[in-house]
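Here's a quick briefing to read alongside the model. Have the sequence and the 3D view open as you go.

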Amino acid sequence: MFEQLCHVDTLHLAWKKVRSNGGATGGDGETAREFSRNLEMRILALSSALRKGRYRPGRLATVKIRKPNGQPRLLRIPGLADRVAQTSCHMVLSTKLDRRMSRDSFAYRPARSVRDALNRLDKLAPRNAWVLDADIRAFFDRVPHGPLQDELGIWISDPRIMHLIMLWLRSFGKGRSLAQGAPISPLLANMALHPLDMAFSFRDIPFVRYADDFVALGKSRKDVDRVRAVAQKVLRRRGLELNHEKTQIMKLSEGIHFLGQDCRWKTRPSWKSSARSEGGQPRKPLT
């Protein structure tokens, strides 16, 4: 996989993805036009640096954006060469890793969307069930690198890819955090929360997770109290915790707000959008 990651053809495909995604310049201030002026030379140099172990990520640029609810969010943007390398790594790893992920995890995965997550919730929600509507406190800012490295070691056997990922993690922060705005971060986020998915699955707990937002269901308040205890225990072992201000237990018949949607179950499961994007599709939250 490492050789595929470094191959100039893969890096060219990664560059096309990076260019089409647009975005702000990274810490080096280089624009897409500047990077593309000597594209063949830049791709060959990046390929060589990766293969020979000379590659080192550059600084991140910090960009403030507004979330759909109006609250500010800080994105940290790598330079273009780093985004190309991370996108290449994501392309190589995602196909292999995705098929081993939980069917109830929906964020940042191919052919999965907010609508798919809501449809799955519709299928899981029994009438008059109780729900844990949960959020993880400052997830991207607080993900500890140690437990994440242990989890990645289970999935990735190539030490060269592991070394590369650890270089990026160190560029994100001292021992913790994932940079929102870095192409590799969504994959790492799912890896960090895979143990939570497995804890629910092993206990036959119905749930839907989209990044750090998730709901888990039970037939009674007592059931969902136990679900919350499971989630707290799993997250605590990995240096994370529930955001108690945004986490609640309630009856599904009361309705919940999940992924920008007002979800209500009366005579039959249904959801009604309170935040739609163009074309009538649910807007994908930046989480």
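At what angle do the axes of helix α10 (residues 185-202) and α11 cross, and within what distance do they come? They cross at roughly 150 degrees and come within 10 Å.

Bear in mind that this is a predicted model, where local features need pLDDT of at least 70, side-chain atom pairs count only at pLDDT 80 or more, and totals for chains, interfaces and linings use all residues. Residues are numbered from 1 along each chain as its sequence is written, and side-chain values use heavy atoms, with hydrogens and water left out.

**Helix pairs**

- Two packed helices are described by the angle between their axes and the distance between the axes.
- Axes here are lines fitted to C-alpha atoms, for helices over the stretch in contact, with angles running from 0 to 180 degrees between N-to-C directions.
- Helices (H or I, at least four residues) and strands (E, at least two) are DSSP runs, numbered from the N terminus.
- α10 and α11 are therefore roughly antiparallel to each other; angles over 145 degrees get that label, under 35 is roughly parallel, 65 to 115 roughly perpendicular, and the rest oblique.
- On the α10 side you'll find L193, P195, L196, A199 and F200, meeting V227, V230, A231, V234 and L235 of α11, where contact means heavy atoms within 4.5 Å.
- By class, that α10 and α11 contact has 10 nonpolar, no polar and no charged residues. Ala, Val, Leu, Ile, Met, Phe, Trp, Tyr, Cys and Pro count as nonpolar, Asp, Glu, Lys and Arg as charged, and the others, Gly among them, as polar.
- Helix α5 (residues 80-98) packs against helix α9 (residues 159-172) at about 135 degrees, axes 12 Å apart, which makes α5 oblique to α9.
- α5 passes α9 in a left-handed crossing, with A85, Q86, C89 and L93 of α5 touching I161, I165, W168 and F172 of α9.
- The class count for α5 with α9 is 7 nonpolar, 1 polar and no charged residues.

**Cores and buried spots**

- The largest nonpolar core has 69 residues, and I165 and F200 touch the most other members. A nonpolar core is a set of buried Ala, Val, Leu, Ile, Met, Phe, Trp, Tyr and Cys residues joined through side-chain atoms within 4.5 Å.
- Setting aside residues up to four places away in sequence, F200 touches I205, F207, F214, A216, V227, V230 and A231.
- A second, separate core of 22 residues includes A125, A211, F258 and L259.
- W15, in helix α2 (residues 8-21), counts as buried at 2% relative accessibility; buried means under 20% relative accessible area, exposed over 50%, partly exposed in between (1.4 Å probe, protein chains only).
- Beyond its neighbours within four places in sequence, W15 is in contact with A32, F35, S36, L39, I43, L80 and V84.
- N243 lies in the loop between α11 (221-237) and β6 (248-251) and is buried at 9% relative accessibility.

**Positive phi**

- Most residues other than glycine have a negative phi.
- A111, in the loop between α5 and α6 (114-124), has a positive phi of about 60 degrees and is exposed at 81% relative accessible area.
- A138 sits in the loop between β3 (130-135) and α7 (139-142), with a positive phi of about 40 degrees; A138 is partly exposed at 37%.

Technical notes:
A crossing is left-handed if the near helix is turned anticlockwise from the far one by less than a right angle, and right-handed if clockwise.
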